[in-house]
Amino acid sequence: QVQLVESGGGLVQAGGSLRLSCAASGSIFSINRMAWYRQAPGKQRELVAGISSGGSTNYADSVKGRFTISRDNDKNMVYLQMNSLKPEDTAVYYCYANIVVGTTRLEYRYWGQGTQVTVSS
C-alpha cells in the first residue's frame, strides 16, 4: 500500500516561512515526477511546483523566487520551502507523485491528504 503523507503546514504571519515535507512509503520501485499543488477556498486546485526524477523544476508564476521544491530520492521525500509568504498563499497544500509500484512495476498517480497553510496579515 503506497501512501503520501504531508507535514509542516500551519499558521504563519505574512513575510514568514514554512517548510512542507512529503514522505512516500510502501512498496515503491521508483518515483518519477513529484509536485506540490494547492487549493484555496472557492478556487480550483493549481500546480505550485513540480520536480522531475532528474531534478528539473518548474513553478507557478505566483511563487517564483519565493518557493523552492526539492527531493531526496534515497528517503523518498519531496519538500517545499516557502519564504516571504503572503496571505494569498493560504490554501490546502497537496503532495503529488507518479510512483512505480514495486509489486507490479506499474505507474500510478498518488495524492497526499493535504496540509493546511494559513498566512495572516
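Start by selecting R66, which sits in the loop between β6 (57-59) and β7 (67-72). Strands here are DSSP runs of E with at least two residues, while helices are runs of H or I with at least four residues, and both are numbered from the N terminus. Before you go on, a word on what you're looking at: this is a predicted model, where local features need pLDDT of at least 70, side-chain atom pairs count only at pLDDT 80 or more, and totals for chains, interfaces and linings use all residues. Residues are numbered from 1 along each chain as its sequence is written, and side-chain values use heavy atoms, with hydrogens and water left out.

**Stop one: around R66**

Is R66 buried or exposed? R66 is buried, because its relative accessible area is 11%. (Buried means under 20% relative accessible area, exposed means over 50%, and partly exposed is in between, using a 1.4 Å probe and protein chains only.)

Now show what surrounds R66. Setting aside residues up to four places away in sequence, R66 touches Q81, M82, N83, S84, L85, K86 and D89; a contact here means heavy atoms within 4.5 Å. Two of those neighbours deserve a click. At S84, look for the backbone oxygen, which lies 3.0 Å from a polar atom of the R66 side chain. At D89, the side chain makes a polar contact with the side chain of R66, at 2.8 Å. (A polar contact is a pair of N or O atoms within 3.5 Å; within protein, one must be able to donate a hydrogen and the other to accept it, and residues adjacent in sequence count only if both atoms are side-chain atoms.)

**Stop two: D89 and its partners**

Keep D89 selected. D89 is found in the loop between β8 and β9, and D89 counts as buried because its relative accessible area is 1%. Which residues does D89 touch, not counting those up to four places away in sequence? They are R38, R66, F67, S84, V117 and V119.

Time to follow the charges. A salt bridge is a side-chain nitrogen of Lys or Arg within 4 Å of a carboxyl oxygen of Asp or Glu, and the structure holds four salt bridges. D89 forms a salt bridge with R66, with the closest N and O atoms 2.8 Å apart. That pair links distant parts of the chain, since D89 and R66 are 23 residues apart.

R38 is buried, because its relative accessible area is 6%.

Then bring in E46. The side chains of R38 and E46 meet in a salt bridge, 2.8 Å from N to O. E46 is partly exposed, because its relative accessible area is 34%. With R38, E46, R66 and D89 all highlighted, you're looking at a network of salt bridges.

**Stop three: the disulfide**

The torsion about the bond is about -85°, so the disulfide is left-handed. C22 is buried because its relative accessible area is 0%, and C95 also counts as buried because its relative accessibility is 0%.

**Last stop: Y108**

Finish by selecting Y108, in strand β10 (residues 107-111). Y108 is partly exposed, because its relative accessible area is 40%. Leaving aside neighbours within four places in sequence, Y108 is in contact with A97, N98, I99 and V101.

Conventions: Disulfide = S-S within 2.5 Å.
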